[in-house]
Amino acid sequence: MYRDTEPVVDVARNFYGLTLIWPYLSATGVVFWFKNGICSNLRTLNDPTTRVTKKRFPTLGVLLGVLTFVVECSTIAGLVQIDGFPPWRELLVALIVFVALFGSLDFLLQIALPGMGLASIPRAALIVGIAYGFMRVIHVPFPFAFLSIAAVWALVQIGCASLWGRFLPFRWVTLLPAAVFAFRVFFFITPASPAPPAPPLHAEPAPGPSFLVVVLDTVRADHTSTYGYARATTPALDLLAVRGTRFERAYSTASWTMPAHGSLFTGLLPEQHGAHREHMALRHDIPTLADLLAVNGYETAAFSASPQVSAGTGLTRGFQHVEEFWPTFLLREILTGYRISLRLWPRDRDKGGAKLVARAIGWLEERDSSRPYFMFVNLFEAHAPYQAAPVQSRRAFVPTGSSLRRLENVGTLGFLAQMHGDPFPRRFDQLLTDLLDGAISAADSYLSQLIDAAGDDVVLIVLSDHGDLIGEHNLHGHGLELWEPLIRIPMVMAGPGIPSGAVVEKPVSIVDVMPTVLGMADLPANTLPGTDLRDVIAGDRAKDRVLYAQQFRTPAPIALGWERHHSRATIARLQARKTAAIVETWKRVIAENGTDLTFDLVADPAELHPIPTADGELPLQLPRPAAGRQSGHVLDPGTRAALRALGYIP
Ligand SMILES: [Zn+2]
């Protein structure tokens, strides 16, 4: 059944797909479980003395029940990919597994524990206990194991009960699938979080230039042709670098989206702005770049395809116009099921970029041009899963003849390595790299449309928030470490007053963007720690400046089952607070588990050979969590679900 050379996705681990549907599955399951207990309905089927009354055939309930069940199975089937099977066989396998595992278990228990109403309680407890043990084996974190298994069981029952609805005396049973399906739709058509009130337009238009800041999410500098990569992954960024100035050694302040964008929008380190793992939202009392520009006569707009750059995390504060874009393929897969979605729309698996760019360009064309604007765009295309890219980009760098299934499986294995720390088969390293490069080229193609639409009079700043590991240091993904591929970002600036074709070798940081924009808008920025990039370009800059990147504590590796494949020491390091300091070509990283490593980035760019240094050579301390606010922020359910789907939180 499996061919040796083909990628094989770990069947059990692919239950992670359930993470996408946990929030409402759990709610439905628990309500269903405790309020009604369908077990008692099914018991009547097994009891020959019960008189089964015929009810009107509940067509809608049955249809929605079947639809819901097929969608759930499709989601599972898509994640349980078995090479050599046509999709319908996978669907069948998933269906059989579901029914066999949970449905028959319940029937057996009903036979073993018949009669009396209370019997459903020990039966329920037994099912949940067995299922819970099963979920623990495949490392689904508590308490979701309990909730989701109850929900999964309930769902199977709903599916079966709907099919058998005509025989059951309780018509309400058939309404529940309708409720599940309605909730599924409702959950994803409602905005993730209520937006804060937008700042009003200032009466007087500002005299300064317009700004367009584009973040190419998850693009590592060394995989862009702009920074010398052998493949032409970023032709649009290459052209922009010729038109403007490229910063050879630009650093982020973190290795994941939320803290990096926090620094971009406030000019501060994560410990100062609060948008990090121990706080999860921007502090309310810090003005953002958009706030300051809005009250000084700019029109501000944000178009974001990252669920982290949303009202829910406070990162869109200060923008008068905010549009959030779910990756369209993800939404489709959530609503129709993974396998069905892939069959119906195999070519188009865009992560929100096409719609986002069209809307952003529309906004530029329609706006009142008498006033300058500050537009922020986050393009999510390069983020894992890499294979989920428009077909042209997906195939841009893969060998001809690679099947869609092969790309799906390798991409999924890469995503599992990111989510759960699973080992990634080394023989697919090249193909995963090919897919990553394709995803980066997708982001670049959308960037080119934005650059064309913005024109020459706008100050353009294009950068990334962090990179992604593809096997370096035995890791995939981002958000847990501060290695160079993670925090070294592309950064290019062009427009009025910016030299053409210049390359700046001095290290710069993402915190420098805010003072630069404020400086060009003629607004004060002297309280910020960053440096106006125009001063850096002019060579007028403090010598031996120290740049910092920070990482806060996270329970994610343990909660997502990393201990299966990583040592205790590795996990302790991944979970620990840590700080990196960069001075010129030296870098030191310390972590609260005692790690203290210094690297010479010229002699050892891969950071494999730490060198002994005297303590204090590079000034460094561990990040401090924002006082009294460590656990103060509660994410709204939409933002939480989106972050969990991408593996950022357990
Ligand atoms: Zn990001």
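How many bridges pair strand 3 with strand 10, and in which sense? The legends below begin with that pair.

The model is predicted: local features need pLDDT of at least 70 and side-chain atom pairs pLDDT 80 or more, while totals for chains, interfaces and linings use all residues. Residues are numbered from 1 along each chain as its sequence is written.

View 1. Strand 3 (residues 250-251) and strand 10 are joined by two bridges and run in the antiparallel sense. Tyr251 has Arg488 of strand 10 as its bridge partner. Helices (H or I, at least four residues) and strands (E, at least two) are DSSP runs numbered from the N terminus, and two strands pair if DSSP finds at least two bridges between them.

**View 2. Four strands make an open antiparallel sheet in the order 14-15-16-17.** Strand 14 (546-551) and strand 17 (596-600) stand at the edges with a single partner strand each, so one side of each has no neighbour in the sheet. From one strand to the next the twist averages 15°. Strand 16 (residues 586-591) and strand 17 run antiparallel and are joined by five bridges. In this pair, Trp586 is opposite Asp600 of strand 17.

**View 3. Strand 5 (residues 321-324) has a covered face and an uncovered one.** Val322 and Glu324 belong to the covered face, His321 and Glu323 to the uncovered face. In a regular strand the side chains alternate between the two faces of the sheet. Strand 4 (residues 299-304) pairs with strand 5 in the parallel sense over four bridges.

**View 4. Helix 8 (residues 235-243) has Ala236, Leu237, Leu240 and Ala241 as its buried residues.** These residues span an arc of only 140° around the axis, which puts them on the same side of helix 8. The arc is that of the directions from the helix axis to the C-beta atoms. A residue is buried if 20 or more other C-beta atoms lie within 10 Å of its own, exposed if 12 or fewer, and partly exposed in between, with C-beta atoms placed from the backbone. The buried residues of helix 8 pack against strand 2 (245-247), helix 17, strand 7 (459-463) and strand 11 (491-494).

**View 5. Helix 16 (residues 404-420) packs on helix 17 (residues 429-454) at about 90°, with the axes 10 Å apart.** The two helices are therefore roughly perpendicular (65 to 115 degrees). Axes are lines fitted to C-alpha atoms, for helices over the stretch in contact, and angles run from 0 to 180 degrees between N-to-C directions. Leu407, Val410, Gly411 and Gly414 of helix 16 meet Leu431, Leu432 and Leu435 of helix 17; contact means C-beta atoms, placed from the backbone, within 7 Å. The residues of this contact are five nonpolar, two polar and no charged. Ala, Val, Leu, Ile, Met, Phe, Trp, Tyr, Cys and Pro count as nonpolar, Asp, Glu, Lys and Arg as charged, and the others, Gly among them, as polar.

**View 6. Helix 14 (residues 353-366) packs on helix 17 at about 10°, with the axes 10 Å apart.** Helix 14 is thus roughly parallel to helix 17 (under 35 degrees). Helix 14 contributes Gly353, Val357, Ala360, Ile361 and Leu364, and helix 17 contributes Ala442, Tyr446, Gln449, Leu450, Ala453 and Ala454. By class, this contact has nine nonpolar, two polar and no charged residues.

Notes
Parallel < 35°, antiparallel > 145°, perpendicular 65-115°, else oblique. Contact = placed C-beta atoms within 7 Å.
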